[in-house]
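Please look through the notes below with the model open beside you. They are written as numbered points, to be read in order.

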Amino acid sequence: MYSKMVLQERPEIFEMLIHTAPIFQKLFPLDCTIAVTDKEYFIADYPSKELQLNLKGKRIPDDTGIMKSIKSGEISTAIINAEVYGVPFKSVASPIKNEKGEVIGCMSLGMSMKNQEMLNEATQSLAATSEEIVASTEELASTAQELARGMAVVDLMRKEMEEQVLKTEEILTFIRDISKNSNLLGLNAAIEAARAGEAGRSFSIVAGEIRKMADNSEKSVAQIKLIIEEIKKRTLQTSVEMQKSLQFSENLAAVSQEIAIAIQGLNSYIMDLE
């Protein structure tokens, strides 16, 4: 049943609020319900799409923000459980006072918890996804750094190989010089053996073997020289590609770290939002 104030003529402020409440409801950016009460009953109720409470004429439950506002004379914010009206929602209640400052009723605004629950679920899902991305990105950054270190070691080995090739060329040059000198020595020995005639025959054979060895050495040096030139060519190509890979791995490591930092910042914003 309605209270005496409902049955009797209400103060003018009630009529004003009852008529302006639909305007407030349309101006409010979120879907909400607005109710006007006296100190015991709901005297007006403007339902929303999500909150069809049908409160008009019903007694105000004790465990609500409205009753708390009426008793305290101050604005009250509360989360109303589903046990009270059948659906959960957030309530903001403001006391209505007469000219003497006495509380004579309350005006409340109720907002569905559906959007907030959806936002909470989305935020939690986004936070979980963000954490997974952070972990994956950190792992990628670690792998990229390890790759960069590995490429640096390989690049050092390449430089050492180039140095060894240069040393091999120096040795081949030394062998080639010996070969030329041996060939010249063999030629001189052959000439001297020819002058000695029969006595120099054995020496002539030795001289021929020396010249043959020198010729073979010269040919071997030439072949090895070709092989080394090919190695140098391949090494140069490898060097170019390795430099590209090294630069790529360094860039990848740097970018991965930047991504990890950015996502950690995003995760911080998500926590703030949550």
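1. Among the contacts in the chain with a separation of 6 or more, 56% are between residues 24 or more positions apart, a contact being heavy atoms within 4.5 Å. This is a predicted model, in which local features need pLDDT of at least 70 and side-chain atom pairs count only at pLDDT 80 or more, while totals for chains, interfaces and linings use all residues. Residues are numbered from 1 along each chain as its sequence is written, and side-chain values use heavy atoms, with hydrogens and water left out.

2. The chain contains six helices and five strands, where helices (H or I, at least four residues) and strands (E, at least two) are DSSP runs numbered from the N terminus. Read from the N terminus on, the elements follow the order α-α-β-β-α-β-α-β-β-α-α. Of the 274 residues, 32% count as buried; buried means under 20% relative accessible area, exposed means over 50%, and partly exposed lies in between, with a 1.4 Å probe and protein chains only.

3. The five strands make up an open sheet in the order E2-E1-E5-E4-E3, with antiparallel pairing; two strands are said to pair if DSSP finds at least two bridges between them. Strand E2 (42-46) and E3 stand at the edges with a single partner strand each, so one side of each has no neighbour in the sheet. On average, neighbouring strands of this sheet are turned by 20° against each other, direction ignored. Such angles run from 0 to 180 degrees between N-to-C directions, and the axes are lines fitted to C-alpha atoms, for helices over the stretch in contact.

4. Which strands does E1 pair with, and over how many bridges? E1 is joined to E2 by four bridges, the two running antiparallel, and Val36 stands opposite Ala44 in E2. A hairpin links E1 to E2 through four residues. E1 also pairs with E5 in the antiparallel sense, over six bridges, and here Ala35 stands opposite Ser108 in E5.

5. Six of the six residues of E1 are buried, so this strand is largely enclosed by the rest of the structure. Cys32, Ile34 and Val36 point one way from the strand, whereas Thr33, Ala35 and Thr37 point the other way. Helix H2 (residues 12-27) lies across E1, E2, E4 and E5 and runs at about 180° to E1.

6. The side chain of Thr33 reaches the backbone oxygen of Tyr46 at 2.8 Å. Leaving aside neighbours within four places in sequence, Thr33 is in contact with several residues, including Gln25, Asp45, Tyr46, Leu53 and Ser108.

7. The largest nonpolar core has 15 residues, and those with the most contacts inside it are Phe42, Leu53, Ile60, Ile66, Ile70, Phe89 and Cys106. A nonpolar core is a set of buried Ala, Val, Leu, Ile, Met, Phe, Trp, Tyr and Cys residues joined through side-chain atoms within 4.5 Å. Helix H3 (65-72), strand E3 (76-80), strand E4 (89-97) and strand E5 (103-112) each supply at least two residues of this core, and H3 gives the most, with three residues. Apart from this core lies another, of 12 residues, among them Tyr46, Ile96, Ile104 and Met107.

8. H3 lies across E1, E2, E3, E4 and E5, running at about 150° to E5. In H3, the residues Gly65, Ile66, Met67, Ser69 and Ile70 are buried, and what covers the buried residues of this helix includes E1, E2, E3, E4 and E5. Ile70 touches Thr37, Asp38, Lys39, Ile60, Val103, Gly105 and Cys106, not counting residues up to four places away in sequence. Just after H3, Gly73 takes a positive phi of about 75°.

9. A last point concerns the cysteines. Cys32 counts as buried because its relative accessibility is 2%, and Cys106 is likewise buried, with a relative accessible area of 0%. How many disulfides does a search of the whole structure find? The search finds zero disulfides, taking a disulfide as a pair of cysteine sulfur atoms within 2.5 Å.

Key
Polar contact = N/O pair within 3.5 Å; in protein donor to acceptor, adjacent residues only side chain to side chain.
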